[in-house]
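Reader: I would like to learn how to read the features of a structure like this one. Please take them one at a time.

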Amino acid sequence: MANFTIADVKALREQLGTGLTDTKKALEEADGDRDKAVELLRLKGAKGNAKRADRSAAEGLVAAKVNDNGTASIIELNCETDFVAKGEKFIDLANTVLEAAAAAGATNAEEALKATVDGETVEERINALAAVIGEKFELRNVRLVKGEQFDVYLHLTSKDLPPQVGVIVGYAGGDEETAHGLAQHIAFANPSYLNREDVPQDDIDRERKVVEDITRAEGKPEAALPKIVEGRLGAYFKQIVLNEQEYARDPKFTVKQIAENAGLTIVDFARLKVGAGVETADDAE
């Protein structure tokens with residue numbers, strides 16, 4: 001006769017988020033010993049983690065917080081399904097990861113994974129829950145933003161899911177309302193750099209060559225090429241440089257002009273979107 005009850009099965013499922021059959025089998029194998037059953041489920045899940053390594057984890061959430069040292073942190077934690085992404089355990093894990101990354105001052109995912117939580121690394125904590133849930137989890141992005149003040153904007157693409165787009169703006173001066181409007185603009189316009197000077201020279205050279213080739217193919221006069229190319233490069237910068245973008249709420253002004261008019265200087269920013277750049281099975285077909 002089994003040394004556990006239906007209540008024991010329910011309690012363990014609520015603790016770990018495991019399936020009914022797997023939970024019951026683990027308790028049976030552990031002869032009702034709950035701690036041993038937990039280890040069995042984690043061991044089984046750890047083996048499954050290796051098999052899931054090549055799966056696409058394009059769902060998940062973004063989470064952000066303002067720290068106490070002139071910085072703010074934002075993370076993107078991924079899983080395979082939106083069902084898991086909106087679950088309490090996954091959301092709790094994301095908050096734990098965010099706190100650990102912030103405490104460690106992590107500037108990227110690699111640094112955050114090495115941070116510790118109650119004697120184990122963030123990577124170990126993520127893998128442990130992935131093992132019992134049965135999905136691939138991945139801490140894809142971590143950013144640290146600097147500034148004197150901060151605005152955090154977390155955008156819900158669906159009311160049934162946690163935030164899918166997150167923005168932090170680090171700024172000085174100005175007012176909170178303008179800063180929040182700029183954060184919303186970043187969420188919409190997806191700039192890559194704050195200033196033109198931040199764009200890697202290799203990227204500029206590559207874009208210039210493309211523009212020159214296109215302009216020549218159009219049969220433009222050779223003498224007019226430099227002016228036309230620079231004009232088209234300007235359009236390129238307006239797409240990727242935050243301060244040069246047309247402000248979404250009032251396109252007559254650039255973001256820099258809106259900020260200056262409010263007495264605000266953007267110091268730094270970060271924007272993360274769940275699953276951005278991740279190839280799914282549908283994409284590969």
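Reader: Is Tyr236 buried or exposed?

Author: Tyr236 counts as buried, because its relative accessibility is 14% and the cut-off for buried is under 20%. The model is a predicted one, and the value is computed from its atoms. Across the protein chain, buried residues make up 41% of the 285 residues.

Reader: What is the average pLDDT of the protein chain?

Author: The protein chain averages a pLDDT of 88, and 88% of the residues score at least 70. Over residues 280–285 pLDDT stays under 50, and the model has four contacts beyond four places in sequence for that stretch.

Reader: How many aromatic pairs does a search of the whole structure find, and how is such a pair described?

Author: A pair of aromatic rings is described by the distance of the centres and the angle of the planes. In this model the search finds two aromatic pairs. In one of them, the rings of Phe90 and Phe137 have centres 5.2 Å apart and planes at 75°, so the pair is edge-to-face. Phe90 belongs to helix H5 and Phe137 to the loop between helix H7 (122–133) and S5, so the contact ties together parts 47 residues apart in sequence. Phe90 is buried at a relative accessible area of 2%, and Phe137 is buried at 8%. In the pair of Tyr236 and Phe237, the ring centres are 5.6 Å apart and the planes stand at 50°, so this pair is tilted. Phe237 is buried, with a relative accessible area of 4%.

Reader: How many salt bridges are there in the whole structure?

Author: Side chains of opposite charge can pair when their charged atoms come close. A search of the whole structure finds 13 salt bridges. Among them is Lys65 with Glu99, where the closest N and O atoms are 3.9 Å apart. Lys65 lies in strand S1 (residues 59–66) and Glu99 in helix H5 (residues 88–104), so this pair ties together parts that are 34 residues apart in sequence. Glu99 counts as partly exposed, at 45% relative accessibility.

Reader: Which residue forms a salt bridge with Arg196?

Author: Arg196 forms a salt bridge with Glu244, with the closest N and O atoms 2.9 Å apart. Both ends are in loops: Arg196 in the one between helix H8 (176–189) and helix H9 (201–217), Glu244 in the one between helix H10 (225–240) and helix H11 (255–261), 48 residues apart. Arg196 counts as partly exposed at 35% relative accessibility.

Reader: How many residues apart are Arg206 and Asp203 in helix H9?

Author: Arg206 and Asp203 are three residues apart in helix H9, which means about one helical turn separates them. Their side chains meet in a salt bridge at 3.0 Å, N to O. Asp203 is partly exposed, with a relative accessible area of 23%. Elsewhere, salt bridges that share partners join Glu76, Glu138 and Arg140 into one network.

Reader: How many helices and strands does the protein chain have, and what is the order of strands in the open sheet that contains S1?

Author: There are 12 helices and eight strands in the protein chain. Strands of a sheet pair through backbone hydrogen bonds, either parallel or antiparallel. The open sheet with S1 has three strands in the order S1-S2-S5, with antiparallel pairing. S1 and strand S5 (138–146) are the edge strands, each pairing on one side only. The twist averages 15° from one strand to the next. Strand S2 (residues 71–79) pairs with S5 over eight bridges, in the antiparallel sense. Glu76 has Asn141 in S5 as its bridge partner. H5 packs on this sheet, touching S1, S2 and S5, and its direction makes about 145° with that of S2.

Reader: What share of the contacts between residues at least 6 apart in sequence join residues at least 24 apart?

Author: In the protein chain, 64% of those contacts join residues at least 24 apart.

Conventions
Residues are numbered from 1 along each chain as its sequence is written. This is a predicted model: local features need pLDDT of at least 70, side-chain atom pairs count only at pLDDT 80 or more; totals for chains, interfaces and linings use all residues. Side-chain values use heavy atoms; hydrogens and water are left out. A salt bridge is a side-chain nitrogen of Lys or Arg within 4 Å of a carboxyl oxygen of Asp or Glu. Helices (H or I, at least four residues) and strands (E, at least two) are DSSP runs, numbered from the N terminus. Buried means under 20% relative accessible area, exposed over 50%, partly exposed in between (1.4 Å probe, protein chains only). pLDDT is the predictor's confidence in each residue, from 0 to 100. Contact means heavy atoms within 4.5 Å. Two strands pair if DSSP finds at least two bridges between them. Axes are lines fitted to C-alpha atoms, for helices over the stretch in contact, and angles run from 0 to 180 degrees between N-to-C directions. Rings of Phe, Tyr and Trp (its six-membered ring) pair if their centres lie within 6.5 Å; planes under 30 degrees apart count as stacked, over 60 as edge-to-face and the rest as tilted.
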